[in-house]
Amino acid sequence: MDIQDLKKKNVNFKKKWLDTDPDYFEKLTQGQDPDFLVLACSDSRVCPTTVTEMEPGHMFIHRNVANQVVESDESFAAGLYYALVHLKVKYVLINGHTNCGGVQAAWENNDEEGLQGWLKYVKDSMPDPEATDKEWTLEKLAKFNVMVQMKRLQKHPVFQEHGEGVSIIGALFDLKTGSLDVFDPDNLTEEDREMLGY
Ligand SMILES: [Zn+2]
C-alpha cells in the first residue's frame, strides 16, 4: 500500500456512495446521530466500522492500545462526555479482540521503555496470575480485559453523571473467524461469570 492506493481507495469509496445517492455527502454534512460510542483497540485489523460494515454516521469511536478506560485520559473523558451529553448514544461498546498485541505485551511483562507510559494501564487490567489456577490463554485475557474496562466505565465519573439509561456492551472480535462476539453483562455465561468472579 502506498499513497496512490490511498487516493484510489478514496475514489472508490466516493463512487460507491454517490452511485447509491448523489446527495450522500451533502447529507453527511448535516450532522451525525450515532447510536454507539465504541472504544476499540488501535490494531489495524480490527476497525469497528469495517468488521460490522457500519455506514458513516453510526459509530463515534475512540481507539487506543488494548481499548483501555483510563480515568485520567482527558481525550477519552471528553469523547465520552460528548457522546453521552450531545450525541445521546444508546450504547457504549467496549470492543476488544483476540491476538491483541497490547494485552500480550502486558501479560508477558514487556518492559520496553517507550511503551510503559500506556502499557502500565494495560498491565493493571490483567488478572493476578497468583490468584487463580486458571490457564490464561490470550483469548481469555482479551475477554477479561474487555470485562475490566466495562467495570471501569461503569465507575467513570463522566459515565456516572451522564450515563443513565445507556447500556455498556462488551464485544470480542475474533481474528480467526471474523466474528464479533457480543456479550451481555446481564446475561453472562457461566464461564464468563467464573472468569470475572461475578
Ligand atoms: Zn489490540
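How many positive and how many negative side chains does the protein chain have, and how far apart do the centres of the two sets lie?

## Charge and surface

In this predicted model, the protein chain carries 21 positive and 34 negative side chains, and the centres of these two sets are 5 Å apart. The accessible surface of the protein chain amounts to about 11,900 Å², with 49% of that area belonging to carbon and sulfur atoms.

## Fold and dimensions

Nine helices and five strands are found in the protein chain, and, read from the N terminus on, its elements follow the order α-α-β-α-β-α-β-α-α-α-α-β-β-α. The radius of gyration of the protein chain is 18 Å, which is close to the 16 Å given by the globule rule for 198 residues, so the chain is as compact as a globular protein of that length.

Along the principal axes, the C-alpha trace of the protein chain spans about 60 × 40 × 35 Å. Of the 198 residues in the protein chain, 38% are buried. When contacts between residues at least 6 apart in sequence are considered, 65% of them join residues at least 24 apart.

## The zinc site

The zinc ion is coordinated by the SG atom of C41, the NE2 atom of H97 and the SG atom of C100, at 2.0 to 2.3 Å. Along the chain, these donors follow the spacing C-x55-H-x2-C.

Notes
Residues numbered from 1 in each chain as written. Predicted model: local features only at pLDDT ≥ 70, side-chain atom pairs only at ≥ 80, totals over all residues. Heavy atoms only, no water. Helix = DSSP H or I, 4+ residues; strand = E, 2+ residues; numbered from the N terminus. Rg over C-alpha atoms; globule rule 2.2 N^0.38 Å. Buried < 20%, exposed > 50% of the residue type's maximum accessible area, 1.4 Å probe, protein only. Contact = heavy atoms within 4.5 Å. Areas by Shrake-Rupley, 256 points an atom, 1.4 Å probe, with all protein chains shown as cover. Lys, Arg positive; Asp, Glu negative; His and termini not counted. Charge placed at Lys NZ, Arg CZ, Asp CG, Glu CD. Donors = N, O, S within 2.8 Å, 3.2 Å for Na, K, Ca; no water.
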